[in-house]
Number of protein chains: 2
Amino acid sequence: MNRRHFLQHTAALSALPLIPRARRSPEASVPLRVNGDRLNGWLSAFDAIGRTPGGINRTAYSEADLAGRAFTLDLFRQSGLTPRIDAAGNIYARVDGRDASLPPILIGSHVDSVTNGGNFDGPVGTFGAIEVARTLRERNVRLRHSVDVVCFQNEEGGTIGSKLAIGALTDAELNGVARSGKTIREGIGLTGGDVSKLAQAVKRRGDIACYMELHIEQGGLLDKAGLQIGVVEGIVGLRWIEVTITGMSNHAGATPMDQRQDAMLAAAKFTVVVNDAIRAEPGRQVATVGRASVTPNTTNVIAGEVVLTVDLRDLDETKLVRFQAAFEQLGRQIGTASGTRFTFRNLVDSLPALADPRVMGWIDGSAKALALSSQRMPSGAGHDAQEVARIAPMGMIFIPSVGGISHSPREFSRAVDIANGANVLLNAVVAADMQ
Amino acid sequence: MNRRHFLQHTAALSALPLIPRARRSPEASVPLRVNGDRLNGWLSAFDAIGRTPGGINRTAYSEADLAGRAFTLDLFRQSGLTPRIDAAGNIYARVDGRDASLPPILIGSHVDSVTNGGNFDGPVGTFGAIEVARTLRERNVRLRHSVDVVCFQNEEGGTIGSKLAIGALTDAELNGVARSGKTIREGIGLTGGDVSKLAQAVKRRGDIACYMELHIEQGGLLDKAGLQIGVVEGIVGLRWIEVTITGMSNHAGATPMDQRQDAMLAAAKFTVVVNDAIRAEPGRQVATVGRASVTPNTTNVIAGEVVLTVDLRDLDETKLVRFQAAFEQLGRQIGTASGTRFTFRNLVDSLPALADPRVMGWIDGSAKALALSSQRMPSGAGHDAQEVARIAPMGMIFIPSVGGISHSPREFSRAVDIANGANVLLNAVVAADMQ
C-alpha cells in the first residue's frame, strides 16, 4: 500500500463503523493482522531470561529484570522504534500520528515477574504492543493519533511504574522494599530513571486518548468456556492485609497442650476461617493467605509470632470493606480463645477500576471483525491498567491461560491465542483512532 | 573441717541413712550446701553472652556459643578444675575420688541455646555441676568416686554432644547443618574437637557410675503446683516429622476459590487437625507445628508448597506410633479433598528414656534432707540425659520455670530455686557415692 492508498484507507476508516468497513475498503486489509510468528518468537527467546529451576524470576530490579528490560529495549529498536526511559523508569516509544494536537493512544504492559512465575504475565502485552506498533509502521498505517507503547516497571510489586506514571506513589512508598531486596527508590535508579525528576514522568487527564492493555487472563474462565478473547469490564479492588499474630514462644515438649499461646495454631485457624468466610457467600470474591513468616520457626519451639497476609479482591468496594471487617472479627475471636493477639495493617488498598464502555466497544468490535469468540468479564488480577484508568479511558484484552494457571512456572498461553490478542489490540487501536 | 574430721564424716555418711545423719554427725554440715550466690552470679554474668533484642542466641557453633564455652572453661579454671575438651567437643573436668577403680559419677548439662531462647536452659545445670564440684573441693569432701563435670556441645540441635559421647551419631549425621549454618562436622572442629578421633570420645556401659543432670523444668507443672523440685521419671520419646504439602501455585486474584490447590490452606487445616487429634485423647502427649516454610511465600500467589514440622512427644512409644499414623491419615484426607499431596519424613526419632529407680531415690532423699518439696514427673523436653541413659543409670533434677516459659526470652528461674537444685544435686552425688 503506497502513501496515497494509505491516506484513502484511513480516511475511509475514520468515516465508517468497523465491521462494514472491510467490505467497503476492499483495497485495505481490514481487519489488519500482526506477525504472530514474530511475536511468539520474541516470547520464546525471552523465556531464557530469569528462568530458574523454580520458574521465571524477573522480580523487579533484580539482575534478571534488568536483563529483561535490556531485551525489551532491543525489541523496540529492532522494530524501528526509539525507546526512551522516563524519570520513573518506565519505557516509552512512539509511532507518530498525523495530528500532533491529539493525545496519544497508549498501549503496553510490563515485563517483570513474580517469584517463581511464568513467561507470559506481562511480556505478552508488552511485546504484543511493540508488535502492533511495528505492524503499523511496516504497513505504513499512519493514524491520526500517535501510538505510544509503554513498558511499565515493577508491576508485580504493586503497579509501581504505572502509579508513578499517574503521580500516585507517595514519597514514603519509594522506600518500600521490592522482592529483589532493592527499594523502589533504588530500583528507579537501576532502571535508568531519576528519582529527583519524578514529576516529569507524571501524565494527567487529557494527556492520553485511551489506554489498552493485552494480557493473559490468569484465571480459567476463557479456557474452560473455550472462548478466545476476554473483554475486561473492570479490575477488581484489592486489599493486602498484613495480620500479626502474637502468642508466646515456649518449649514444644514441656508445655502442656492446655497451657499454650501458640501463634502458629492461631494463624492456621485464621487461615481456615478466612477461606470458609469468603466461600460462604455467592459471588466472585477471593481471599488468599499466600505469605506467612513464623518466629522463631523452630521445630521444637511453639511459635511466638506469625505474620501473614490476606489478599482480598472483588469488583465491589463495599464487599471488600465488609469482608475485611469480618476477617478482623474472626481473628479477634480466635485471639481471645487462644491467648494470642491479632493486629491488622493494610499494606495495599486499591479501588476497583472500571473499563471505559467505548473502549470495551472497540475491543468487542475488533474481536468480531476478526471472527474471534469473546465475552465480557472482570479481571481478578491487578494490572497497570487500573492505575492509568484514573486519568484516561481504559480497556483490557484477555487471552486464555491454559488451565487457568498463572504466577506459576506452569503458566502457559498458546501461540495462536497470543497472536489473536495482538490482532484484537491492533484493530482496537485503529478503531480508537477513528473517534 | 580438717582431714581427720572429714574422714570421720564420710565414714558416717557411708554407714547411715541420709536424713538422721545430720543429727548424728553434728560436726558435719549435712546436708551439704553450695554457694548459691556465687552460682547465680555466674548465671547473671553469662546473660550478656549471645543476648540480642530477640533473646539469647547461643545456637551451637555460633560465635556466641563459642564465647559461652570460653566463659564456661574460665569457670572451671576459677573453680580449681582442669577442663579438657575431648574429640567430640564436649568439655570435661574431674574431681578425683579416693578409689581410682570406681567409674566416675557424671554431672553436667549444656550451654548452647535455641534461637531467641533464654539464659537458664542448660547453663543452670552446667554451672550447677561446676558449683557442686567446687563445693566438694572447697569443703575437702573427697568422695570414693571421682566426680566428672561435663558440658555437652550442641544439645539444642538434637543432643549432638551426648550422642557423640555414647557413639550414637552416624557419619551422615555429622553433615547435618546446625542453626548457625555450620555443619556438625565443622562445629566439632570449632569447639576444639577432632572429627578424626571421635571414637576416643565414646563412653561405654560401665564407664560411668551414674549420670545426674540439673535442669529447669521448661514446663509449668512445678510452678503451678508451688513445688521446689521435680524428680524426673523419664524423658519422653520424640518424633520430628517433616510434612511436605504440594499444591499448585497460581494467581491469587484470578483463580476462583473453587479451582485452587492451595498448599497454605491445606497446611493450615492439617495444623488444626493435628492439634485437635492430640487433644482429643486424655494424657500428657504433645504435638506442635513450630516451623513452616512456604513457597513462593508471596502475598498475591496461592502457595504451591508448604513444608512444616510436627514435634510429637510422649513417654509411651506405642502412642507415638499411633499418633504419627493418625496424622498421616488426616493429612492424606486433607490432600484428597483439596487437590494437594502430603508426604511425610521422620527427621528425628528418639525413644523414651527412663530414669534409674535408684538414682531417683537419691534425688528424692536429697530433696527431703534439704526439706524441699518435690514430685516425680516426666520430662517433656529432650535432654542429654536421654542419651547417657543408654549406657548408665540416669536421673534428672528439675527446678521451676516461672510461668512454665522456656525456649523464649521470657524464660526465668528464681535464684533460690537454682540454689535449691544445685544443693539437691550435691547431696544426691554424695548419696550416689555411698552405693
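T298(A) sits in the loop between β11 and β12 of chain A; helices (H or I, at least four residues) and strands (E, at least two) are DSSP runs, numbered from the N terminus. This is a predicted model, in which local features need pLDDT of at least 70, side-chain atom pairs count only at pLDDT 80 or more, and totals for chains, interfaces and linings use all residues. Residues are numbered from 1 along each chain as its sequence is written, while chains are lettered from A and ligands numbered from 1 in the order in which they are written.

- T298(A) counts as buried because it has 23 C-beta neighbours inside 10 Å. A residue is buried if 20 or more other C-beta atoms lie within 10 Å of its own, exposed if 12 or fewer, and partly exposed in between, with C-beta atoms placed from the backbone.
- Not counting residues up to four places away in sequence, T298(A) touches V114(B), T115(B), G290(B) and R291(B). Two residues are in contact if their C-beta atoms, placed from the backbone, lie within 7 Å.
- The C-alpha atoms of T298(A) and A252(A) are separated by 9.6 Å, and these residues are 46 apart along the chain.
- P296(A) also lies in the loop between β11 (286–295) and β12 (301–302) of chain A. The peptide bond leading from T295(A) to P296(A) is cis, with omega near 0 degrees.
- In chain B, P296(B) is found in the loop between β11 and β12. The peptide bond from T295(B) to P296(B) is cis, with omega near 0 degrees.

**Contact between the chains**

- Chain B gives 58 residues to the contact, and chain A gives 58 residues.
- On the side of chain B that touches chain A, at least two residues each come from β9 (237–246), β10 (250–251), α9 (263–279), β11 (286–295), β12 (301–302) and β13 (305–314).
- α9(B) supplies the largest share of that side of chain B, with 9 residues.
- The residues on the side of chain B that touches chain A comprise 24 nonpolar, 27 polar and 7 charged. Ala, Val, Leu, Ile, Met, Phe, Trp, Tyr, Cys and Pro count as nonpolar, Asp, Glu, Lys and Arg as charged, and the others, Gly among them, as polar.

**Helix pairs in chain A**

- Helix α3 (residues 36–46) of chain A packs against helix α5 (residues 123–138) of chain A at an angle of about 140 degrees, with the axes 10 Å apart. Axes are lines fitted to C-alpha atoms, for helices over the stretch in contact, and angles run from 0 to 180 degrees between N-to-C directions.
- α3(A) and α5(A) are therefore oblique to each other. Angles under 35 degrees count as roughly parallel, over 145 as roughly antiparallel, 65 to 115 as roughly perpendicular and the rest as oblique.
- α3(A) and α5(A) cross in a right-handed manner. A crossing is left-handed if the near helix is turned anticlockwise from the far one by less than a right angle, and right-handed if clockwise.
- From α3(A), R38(A), L39(A), W42(A), L43(A) and F46(A) meet P123(A), V124(A), F127(A), G128(A) and E131(A) of α5(A). The residues of this contact of α3(A) with α5(A) are 7 nonpolar, 1 polar and 2 charged.
- Helix α9 (residues 263–279) and helix α10 (residues 317–338) of chain A pack at an angle of about 145 degrees, with their axes 10 Å apart. The crossing of α9(A) and α10(A) is right-handed.
- Among the residues making that contact are F270(A) and V273(A) of α9(A), and F327(A) and L330(A) of α10(A). The contact of α9(A) with α10(A) divides into 12 nonpolar, 3 polar and 1 charged.

**Core and buried residues**

- The largest nonpolar core has 240 residues, of which L425(A), V429(A), L425(B) and V429(B) touch the most other members. A nonpolar core is a set of buried Ala, Val, Leu, Ile, Met, Phe, Trp, Tyr and Cys residues joined through C-beta atoms within 7 Å.
- Apart from neighbours within four places in sequence, L425(B) is in contact with I107(B), G128(B), A129(B), V132(B), M212(B), L214(B) and I397(B).
- V359(B) belongs to helix α11 (residues 357–369) of chain B. V359(B) is buried, with 26 other C-beta atoms within 10 Å.

**Positive phi**

- N116(A), a residue other than glycine, has a positive phi near 50 degrees. N116(A) is buried, with 23 other C-beta atoms within 10 Å.
- A371(B) is not a glycine, yet its phi is positive at about 60 degrees. A371(B) counts as exposed, with 9 C-beta neighbours inside 10 Å.
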